[in-house]
Amino acid sequence: MKPSNLLISDQGRIVLGDYGLKRLIAPCCYSNEERVLDSLYKAPEEWKQQAVLKSDVWSLGISLRELVLGVHPCSCLTDNQLHSPSIHEYFTPLPAELSAACVDFLDKCVVWDVNERPSVKELMDVSGWESC
């Protein structure tokens, strides 16, 4: 999931689109540039071909950070930094005017260890995420 996959209806409802169909239907048209860009949203476990449902929580967190910041939070990172458990040290800082609840929600989405990362259901129970 990445920001270009988030569609907003006239009523303000967010709908997920795409689902990676392009690389399945027409792999010949899936460029190297698209592969590199998509990799910026991959959860740590996806680099080891071990994606789980919580991997989407990571991608959501990166996408929301990008929407808040206006730039990808780790677009200037090297491959070593992208694959490092200390990736958070390299994130572009969030704006100071964000509420503590919003920052907490965004931070919960990008917990490195997938076993410690909340599920979508658990995220829905985090109070204050609406303020993001």
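**Exercise 1. Work out how the length of helix α3 compares with the expected span, and find what covers its buried residues.**

*Solution.* Start with the span: in this predicted model, α3 covers residues 55-69, 15 residues in total. From first C-alpha to last, the helix reaches 21 Å, close to the 21 Å expected at 1.5 Å a residue.

Next, look at burial. The buried residues of α3 are Ser55, Val57, Trp58, Ser59, Gly61, Ile62, Ser63, Arg65 and Glu66. Their cover includes α5 (100-109) and α6 (120-124).

Finally, step past the end of the helix: just after α3, Gly70 has a positive phi of about 85°.

**Exercise 2. Two residues, Glu45 and Gln49, sit in the loop between α2 and α3. Decide for each whether it is buried or exposed.**

*Solution.* Take Gln49 to begin with. Its relative accessible area is 68%, so Gln49 is exposed, being over the 50% cut-off. Its backbone deserves a look too: phi is near 60°, a positive value in a residue other than glycine. For comparison, most residues other than glycine have a negative phi.

Now turn to Glu45. With a relative accessible area of 6%, Glu45 is buried, since the cut-off is under 20%. Beyond four places in sequence, Glu45 touches Gln50, Ala51, Val52, Lys54, Ser55, Trp112, Val114 and Arg117.

**Exercise 3. Find the three salt bridges of the structure and describe the setting of each.**

*Solution.* Glu45 and Arg117 pair through their side chains at 2.8 Å, N to O. The partners lie 72 residues apart, Arg117 being in the loop between α5 and α6, and the pair links distant parts of the chain. Arg117 counts as buried at 1% relative accessibility.

The second bridge joins Asp107 to Arg65, with the closest N and O atoms 2.5 Å apart. Here helix α5 is linked to helix α3, across 42 residues. Arg65 is buried at 3% relative accessibility, while Asp107 is partly exposed at 37%.

Lys108 is partly exposed at 29%, and Asp104 is partly exposed at 32%.

Key: Residues numbered from 1 in each chain as written. Predicted model: local features only at pLDDT ≥ 70, side-chain atom pairs only at ≥ 80, totals over all residues. Heavy atoms only, no water. Helix = DSSP H or I, 4+ residues; strand = E, 2+ residues; numbered from the N terminus. Expected span 1.5 Å × (residues − 1). Buried < 20%, exposed > 50% of the residue type's maximum accessible area, 1.4 Å probe, protein only. Contact = heavy atoms within 4.5 Å. Salt bridge = Lys/Arg side-chain N within 4 Å of Asp/Glu carboxyl O.
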